[in-house]
Amino acid sequence: MRRAIDLGWRFFLAGAASAMPWAAGAGACTQPVYLTFDTGHMAVAPLIAEVLQRQQVQVTFFAAHEKTQEGDGSLGQHWAPWWRARAEEGHAFASHTWDHAYWVADLGQQGEPVFRIRPSAGAQAGQTLAWTASVYCENLRQAASRLKALTGQAPLPLFRAPGGKTSPALLKAAQSCGFAHVGWSAAGFLGDELPSGPYPNTALLQKALKSIKTGDILMAHLGIWSRQDPWAPAVLEPLIVGLKAKGLCFTTLRDHPQYRDLVRQQPLQLSGDANAGK
């Protein structure tokens, strides 16, 4: 399926940049969409980077320290040059929690809010834990601190909860330590974590091109373990080219109207070891 998409778009993509001036970033982005990537097994990360560079598209990466197919985790030393190169290209970065920690439920107040959390990475992966708001905040900061060490730039004061799972109490706790949550638009769920049998790449591409509109936040991953036919880069470049052809352009969450004032007025304050998890 991936090969079919690649062949179908080969000649169109070859001339896309010269045919469309906005592909090279010419002029202001007046009809923006906000492409974001969460971490994953990272096997497709170099290919994704090639597409973004070729198409001159800047995105926002939400990073956790997840298990990878190669190397010592998505925020480990093996991937440090990759993150540094993305920073040099002008991409933006934000926390996805250090342990890719899923919120499961609120457990009430014990001096401070307590949450039932299930990490999918780290030493306690797969366990169901009780975390106070302070512990959750520290997990957010640990990923942000590591991103700062890897990229040399301050992460945005934003985060994405794994799976997008939150509660009002969790959002309030994160806000108290300087993080605003970012989900994704309904049309921006690009489907790369769905099983490839009932959701082939061609169908995901067609759906996205039909439904995405100005202002949408789009979400994909740097590799999904369970998907047999990888979404990226097979769908990524045709999607970018197709959205550009509709007059849309790409920018980071630094420029999103809901977050740009927060980004400019409230830089993320980090403390502790910037090389956490090294």
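1. Two strands count as paired if DSSP finds at least two bridges between them. In this predicted model, strands β2 and β3 run parallel and are joined by 4 bridges, which meets that cut-off of at least two. Within this pairing, Phe-62 stands opposite Ala-94 of β3.

2. Strand β3 covers residues 92-95. Ala-92 and Ala-94 point to one side of the strand, while Phe-93 and Ser-95 point the other way. All four of these residues are buried.

3. Strand β1 (residues 32-38) pairs with β9 in the parallel sense, over 5 bridges. Phe-37 stands opposite Ala-220 in β9. Strand β9 spans residues 217-221, and because 5 of its 5 residues are buried, the strand is largely enclosed by the rest of the structure. The cover extends to both faces of β9: Ile-217, Met-219 and His-221 lie on one side, Leu-218 and Ala-220 on the other, and all are buried.

4. The structure holds 11 aromatic pairs. One of them is formed by Phe-61 and Trp-82, in an edge-to-face arrangement with 5.5 Å centre to centre and 75° between the planes. Phe-61 belongs to strand β2 (residues 60-63) and Trp-82 to helix α4 (residues 80-88), so the pair ties together parts that are 21 residues apart in sequence. Phe-61 and Trp-82 are both buried.

5. Another edge-to-face pair joins Phe-159 and Phe-179, with 6.4 Å between the ring centres and 90° between the planes. This pair links distant parts of the chain, 20 residues apart: Phe-159 is in strand β7 (residues 158-159), and Phe-179 is in the loop between α6 (168-176) and β8 (180-181). Here too, both residues are buried.

6. One aromatic cluster takes in Phe-37, Phe-61, Trp-79, Trp-82, Trp-83 and Phe-93.

7. Which residue lies over the face of Trp-82? Arg-86 does, at 4.9 Å from the ring centre. In a further contact of this kind, Lys-67 lies over the face of Trp-225, at 5.5 Å from the ring centre.

8. Helix α8 (residues 236-245) is mostly covered, with 9 of its 10 residues buried. The buried residues are Leu-236, Glu-237, Pro-238, Leu-239, Ile-240, Val-241, Gly-242, Leu-243 and Lys-244; Glu and Lys count as charged. After α8 comes Gly-247, with a positive phi near 95°.

9. The C-alpha atoms of Ser-145 and Gln-269 are separated by 9.5 Å, although the two residues are 124 apart along the chain.

10. The largest pocket has a volume of about 330 Å³. It is lined by 22 residues, of which Glu-66, His-100, Tyr-102, His-221 and Ile-224 are the closest to its centre. By type, the lining divides into 7 nonpolar, 11 polar and 4 charged residues.

Notes: Residues are numbered from 1 along each chain as its sequence is written. This is a predicted model: local features need pLDDT of at least 70, side-chain atom pairs count only at pLDDT 80 or more; totals for chains, interfaces and linings use all residues. Side-chain values use heavy atoms; hydrogens and water are left out. On a 1 Å grid over the protein atoms alone, a cavity is a set of points where a 1.4 Å probe fits but cannot get out, and a pocket is an open set with protein on both sides within 12 Å along at least five of seven lines; lining residues have an atom within 4 Å of a point. Grid points are joined across faces, edges and corners, and a volume is the space filled by probe spheres set on the points. Rings of Phe, Tyr and Trp (its six-membered ring) pair if their centres lie within 6.5 Å; planes under 30 degrees apart count as stacked, over 60 as edge-to-face and the rest as tilted. Helices (H or I, at least four residues) and strands (E, at least two) are DSSP runs, numbered from the N terminus. Buried means under 20% relative accessible area, exposed over 50%, partly exposed in between (1.4 Å probe, protein chains only). A charge sits over a ring if NZ of Lys or CZ of Arg is within 6 Å of the ring centre and within 35 degrees of the ring normal.
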